Amino acid sequence: MSPSLDGAMEAFSPVLPLAVGFSGGADSTALLVACAKKWPGQVRAIHVHHGLQAAADHFEWHCRKVCAELGVALLVLHVNASAAPGESPEAAARAARYAAFARATESAAWPGGALEPIKTIALAQHADDQVETVLLALSRGAGLAGIAGMAALWQRDAITYARPLLAVSAAEIRRWLADRSIAFVEDPSNQDVRFTRNRIRHQLLPMLEATFPHFRQTFARSAAHAAQGSALLDELAQADLRVVGQPPRIAALQGLPHARQANALRYWLKNHHAVIPSAAQLQELLRQLDVCRTRGHRIHLRVGTGFVRRDGEKLAWYNL
């Protein structure tokens, strides 16, 4: 049985003031109401208007109505969430949301201004979302970082983010809302099984529950183990990069075992250039690195939006 929403909220102790990412759906509605009742006067709401579907204006209207009833300040931010060529719609929408959240931490962005800067932003992903994320990562052959799923607490752009409902099931959240007769909006796109995440939600999760009734808790434990392993790999990469340099020296990299070369290169590209190489790209980079034994040998490989190239005795990444 998943933890109760009230139990999760008892354990949640953010630095205030707090903002809640508020879509108007069941999950964010429950989180906003629970936070507003626990910390009256210290909670605000951020609604990101993606403009991607006809119901978006209705979502905004509903969010304004709920926040007025709760006495919660609301900031509505309109964003362009259209995907660039080769970018997934989900990734584009996520990037637009985080850019909007970063703007929301500025006091001047809020109606009336002169508000104390936001210290924490809470998001309403829950246990079912975590299972979906882990299953998607497994289906794509992800490593430990992907299998770790979503973090309960993390920093991005100097903002603290929290997911206090990550252990609470979607069914428990809806029961909590029904017990209190709290209204919310339904996003029609959540029923569209053309999207892989929706097929997991509507077709696979019910089968998992029938076969493994405690799958949410066991998946959460596996994700936590993967997160711990991923953190250790990051520590090893940092130690290796202190030796081989940043940008890394080719000869020093070649002195590491292949697995540690891959780990260091992945960390360097992700944390210094915000690009994540595919498994095929990383394997090809290791191959080119292995045969780079002469002064004139060239390394040139497309990774993300740029290229990894040889620059003298070191590797470098250049954006397009």
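How are α8 and α9 oriented to each other, roughly parallel or roughly perpendicular? Before we get there, a word on what you're looking at: this is a predicted model, in which local features need pLDDT of at least 70 and side-chain atom pairs count only at pLDDT 80 or more, while totals for chains, interfaces and linings use all residues. Residues are numbered from 1 along each chain as its sequence is written, and side-chain values use heavy atoms, leaving out hydrogens and water.

Let's start with that pair of helices. Two packed helices are described by the angle between their axes and the distance between the axes. Here α8 and α9 pack at about 100°, and their axes are 9 Å apart. The axes are lines fitted to C-alpha atoms, for helices over the stretch in contact, and the angles run from 0 to 180 degrees between N-to-C directions. Angles under 35 degrees count as roughly parallel, over 145 as roughly antiparallel, 65 to 115 as roughly perpendicular, and the rest as oblique. So α8 and α9 are roughly perpendicular to each other. As for the names, helices (H or I, at least four residues) and strands (E, at least two) are DSSP runs, numbered from the N terminus.

Who does the touching? On the α8 side you'll find Leu 205, Leu 208 and Glu 209, which meet Phe 215, Arg 216 and Phe 219 of α9. Contact means heavy atoms within 4.5 Å. Sorted by type, the contact of α8 with α9 has 4 nonpolar residues, no polar ones and 2 charged ones. In this sorting, Ala, Val, Leu, Ile, Met, Phe, Trp, Tyr, Cys and Pro are nonpolar, Asp, Glu, Lys and Arg are charged, and the others, Gly among them, are polar.

Now move along to α11 and α12, which pack at an angle of about 115° with axes 10 Å apart. Their contact brings together His 258, Gln 261, Ala 262, Leu 265 and Arg 266 from α11 with Leu 282, Leu 285, Leu 286, Leu 289 and Asp 290 from α12. That contact of α11 with α12 splits into 6 nonpolar, 2 polar and 2 charged residues.

Leu 301 is buried, at 12% relative accessible area. Buried means under 20%, exposed over 50%, and partly exposed in between (1.4 Å probe, protein chains only). Not counting residues up to four places away in sequence, Leu 301 touches Gln 281, Glu 284, Leu 285, Gln 288, Gly 306, Phe 307 and Val 308. Take Gln 281: it is 20 residues from Leu 301 in sequence, with 7.6 Å between their C-alphas in space.

Next, the backbone. Most residues other than glycine have a negative phi, and most peptide bonds are trans. Ser 181 has a positive phi of about 55° without being a glycine; Ser 181 is in the loop between α7 (170-179) and α8 (196-211), and it is exposed, at 68%. Ala 274 also has a positive phi, near 55°, in the loop between α11 (258-273) and α12 (279-290). The bond from Leu 16 to Pro 17 is cis, with omega near 0°, and so is the one from Gln 246 to Pro 247, with omega near 10°.

Finally, the cysteines: the whole structure has 0 disulfides, a disulfide being a pair of cysteine sulfur atoms within 2.5 Å. For Cys 35, the nearest cysteine sulfur belongs to Cys 67, 12 Å away.
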